Amino acid sequence: MSDALNYLIQARPETMGHYFKFLKETGKHLDPKTRNLISVITKVHSQTDRGFRQYLGRALREGCTPMEIIDALVMAFPALCLAKIVWSTEIILDMGIPEFSPELINAQPQWRQVVAVAEVADGEVKRMETATRTVFVYREAETYKVYDSHCPHQVTNIPHLALEGKTLTCPKHHWKFDITTGACIEKGKHPLKGFDTKVEDGVLYAYW
Ligand code: FES
């Protein structure tokens with residue numbers, strides 16, 4: 001939520017409480033995907049950069065696919081016009097969301113090579129660049145965890161410097177994650193996006 005909205009909630013809690021109750025009521029007969037797609041479009045219509053990034057992240061987290069989001073944008077053309085669709089697309093590109101990349105947007109999920117297991121020591125965390133996305137890899141004995149490096153809050157690409165021991169801190173709003181489980185342990189409530197893994201012939205693969 002923006003600082004301005006947080007300020008208004010503190011200054012006028014009852015008034016703003018009615019506003020948020022109203023928002024909650026408005027979508028209660030819609031399935032979550034539809035609700036998320038409409039929310040995304042409202043942010044494009046009002047050209048609210050921060051809100052658009054936030055709602056886009058939530059839509060992806062709650063199961064909307066990039067193609068569904070693009071469909072919603074294009075369907076809303078009569079209300080948005082090309083300029084706002086281009087505005088939102090520029091933000092999507094700026095966010096560097098792997099699922100929107102040309103390599104992944106039309107691809108079926110598959111096993112993808114991540115790293116030779118010999119390169120990750122027991123208890124070590126590594127940030128790896130693969131052909132289609134950046135990931136954090138954590139090894140505990142013969143168990144491997146692979147997480148997308150993008151924050152589940154507003155899709156910030158979390159750098160390796162954000163790692164202290166087994167805790168990863170997103171530099172943008174300081175959500176903290178336990179790299180051994182992917183769980184968010186401070187500030188936020190959504191976990192890192194994790195992938196299924198397997199090891200074959202000494203190579204770690206993850207499924208996306
Ligand atoms: S983008 Fe907000 S905490 Fe990561």
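Guide: Phe-22 lies in helix α2, which spans residues 13-26 (helices are DSSP runs, H or I, of at least four residues, and strands are E runs of at least two, numbered from the N terminus). This is a predicted model, in which local features need pLDDT of at least 70 and side-chain atom pairs count only at pLDDT 80 or more, while totals for chains, interfaces and linings use all residues. Residues are numbered from 1 along each chain as its sequence is written, and side-chain values use heavy atoms, with hydrogens and water left out.

Visitor: Is Phe-22 buried or exposed?

Guide: Phe-22 counts as exposed because its relative accessibility is 53%, where exposed means over 50%, buried under 20% and partly exposed in between (1.4 Å probe, protein chains only).

Visitor: Switching to the strands, what does β4 pair with?

Guide: Strand β4 (residues 143-148) pairs with β3 (residues 134-140) in the antiparallel sense over six bridges, and two bridges join β4 to β9 (residues 194-195), also antiparallel; strands pair if DSSP finds at least two bridges between them.

Visitor: And which residues stand opposite each other?

Guide: Among them, Glu-140 stands opposite Thr-143 in β4, and Tyr-147 stands opposite Gly-194 in β9. In the β3 and β4 hairpin, with two residues between the strands, Ala-141 takes a positive phi near 55°.

Visitor: How many disulfides are there?

Guide: The structure holds zero disulfides, a disulfide being a pair of cysteine sulfur atoms within 2.5 Å.
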